[in-house]
Amino acid sequence: MFDDLRPHLVELRKRLGLSVLSVFIAFIIAFIFHNGILTWITQPLNDALAEVGRIIESQDKATWKMQTDEQNKTVTVTVSKPVSLATKLGDRLHEASKIADTKLSLLLEEASTAAKELSHSLETIENNMTHSTKESNFIGQITTHQVGGAFFVALKVSFFAGLLGALPFILYQLWLFVAPGLYSNEKKMIIPFVVGGSIMFFIGVIFAYYVVTPFGFQFLITFGSFLYTPLINIEDYVGFFTKIMLGFGLAFELPVFAYFLALLGLVTDRTLIDFFKYAVVIIFVLAALLTPPDILTQLLMATPLVILYGVSILIVRMVNPADPIEEDEDDSTESEEKALPEHSEK
C-alpha cells in the first residue's frame with residue numbers, strides 16, 4: 001500500500017516545494033518595496049483615526065458651545081476683542097497721519113504700523129491657541145513597543161504580499177497535483193480554476209480593504225475614544241489586518257471550490273440546497289472567528305458568504321445538476337417518512 005502512495009507523496013512534495021519557492025521569491029521582491037506596502041496596509045487605520053478625530057472634535061465643539069451659552073455668553077467676545085481693537089486703532093492712526101503736519105504724521109504712521117503688527121500678532125496667537133485646542137482633543141497614533149518592531153513588521157508585511165503574489169502559481173501547482181486523476185476534458189479546466197481562484201481571492205481582499213475595514217476600524221476606535229487615547233501597536237495591527245484579508249480572500253473562494261467539487265462529481269445542487277441551513281450557521285461561526293469581535297464586521301463578512309453560497313448553488317447546477325429521478329425518489333421517501341407516524345397513531 002505504501003508503494004502505491006509513494007509516487008503521490010513524491011509528487012506532493014514536489015508541488016509543495018515549488019509553491020514554497022515561489023512564496024520565497026515573491027517575499028524577497030515584496031521586501032524591497034515594503035515601505036509602500038506598509039503604507040497601503042496602514043491607510044485604512046490612518047483614515048479611521050482621522051475620521052474619529054473629526055467626530056470627537058465636532059462633539060467637543062458642540063459641548064463647548066453649549067456650555068458657553070449656558071454659563072458665559074461673553075467668552076467669544078473676549079477672544080476676538082483685542083484683535084478688532086488693535087485693527088481699529090491702526091486704521092484711525094493711519095487716517096490721522098494724513099491730515100497732520102510732517103513730524104506728527106511720521107509719528108502717527110509709525111504708531112499705525114505698530115498697531116497693525118500688534119493686530120497680526122494677536123491673530124497669530126489666537127490661531128495657534130485654536131490649533132493646539134484641536135490637536136489636544138484627539139492624538140491617536142500608531143506606535144511600536146519593540147526595539148526591532150519595525151523590522152519584524154516589514155518581514156510580516158513582505159510575507160503577506162509575497163503570499164498574495166504567489167497565489168496564482170500555488171493554485172497552478174495544486175491543479176497539477178490533482179490533474180492526473182481527472183479525465184482529459186476535465187484537465188482543460190485548469191485556466192478557469194487558476195484564473196477564477198485568483199480573481200475571487202483578490203475580490204475578497206479588495207472587499208475587505210475598501211468596505212469592511214473602514215466601517216470596522218472606525219467603529220472599534222470610536223468606541224471608548226472619548227475616554228481613552230488609542231495608541232495602536234503596529235505589530236498587533238499587521239497581524240489583525242492580515243487575518244481579516246486572508247479570511248475574506250479564502251471565504252470568496254467558495255464558488256471556485258464548489259465548481260471544483262461539482263466537476264469531480266462529489267456534490268450536486270441538491271446537496272448544497274439541503275445543506276443550506278447548516279451552511280448559514282457555519283458561515284456565521286466562521287465570520288465570528290475570522291473578524292473582529294463586533295457584530296457589524298461579522299455581518300459584513302457573513303452576508304456576502306451567504307450570497308456566494310447561493311451563487312455556488314447556481315454554478316453547481318450548471319456543472320453537475322442532480323438527477324430529477326433521484327430528486328423525486330428523495331421527495332417521495334421524505335413524504336413517506338412523514339406519513340408513517342400518522343399511520344402508526346391511527
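pLDDT is the predictor's confidence in each residue, on a scale from 0 to 100. The structure here is a predicted model, and its protein chain comes out at a mean pLDDT of 75, with 66% of the residues at 70 or more. Two stretches sit well down that scale. Over residues 73-80 the pLDDT is below 50, and this stretch makes 5 contacts beyond near neighbours in sequence. Residues 131-137 likewise stay under 50, and for them the model has 5 contacts beyond four places in sequence.

Turning to the helices, α12 spans residues 276-290 and α13 spans residues 295-319. Their axes come within 9 Å and cross at roughly 145°, and the crossing is right-handed. On the α12 side, the contact is made by F276, A279, I283, F284, A287, A288 and L290. Facing them from α13 are Q298, L299, M301, A302, L305, V306 and Y309. Sorted by class, that gives 13 nonpolar residues and 1 polar one, with no charged residues at all.

Then there is D269, which belongs to helix α11 (residues 269-274). With a relative accessibility of 6%, D269 counts as buried, because the cut-off for that label is under 20%. The side chain of D269 also has a partner: a polar contact of 3.0 Å joins it to the side chain of R317. Leaving aside residues up to four places away in sequence, D269 touches I313, V316, R317, N320, P321 and A322.

Technical notes:
Residues are numbered from 1 along each chain as its sequence is written. This is a predicted model: local features need pLDDT of at least 70, side-chain atom pairs count only at pLDDT 80 or more; totals for chains, interfaces and linings use all residues. Side-chain values use heavy atoms; hydrogens and water are left out. Axes are lines fitted to C-alpha atoms, for helices over the stretch in contact, and angles run from 0 to 180 degrees between N-to-C directions. Helices (H or I, at least four residues) and strands (E, at least two) are DSSP runs, numbered from the N terminus. A crossing is left-handed if the near helix is turned anticlockwise from the far one by less than a right angle, and right-handed if clockwise. Contact means heavy atoms within 4.5 Å. Ala, Val, Leu, Ile, Met, Phe, Trp, Tyr, Cys and Pro count as nonpolar, Asp, Glu, Lys and Arg as charged, and the others, Gly among them, as polar. Buried means under 20% relative accessible area, exposed over 50%, partly exposed in between (1.4 Å probe, protein chains only). A polar contact is a pair of N or O atoms within 3.5 Å; within protein, one must be able to donate a hydrogen and the other to accept it, and residues adjacent in sequence count only if both atoms are side-chain atoms.
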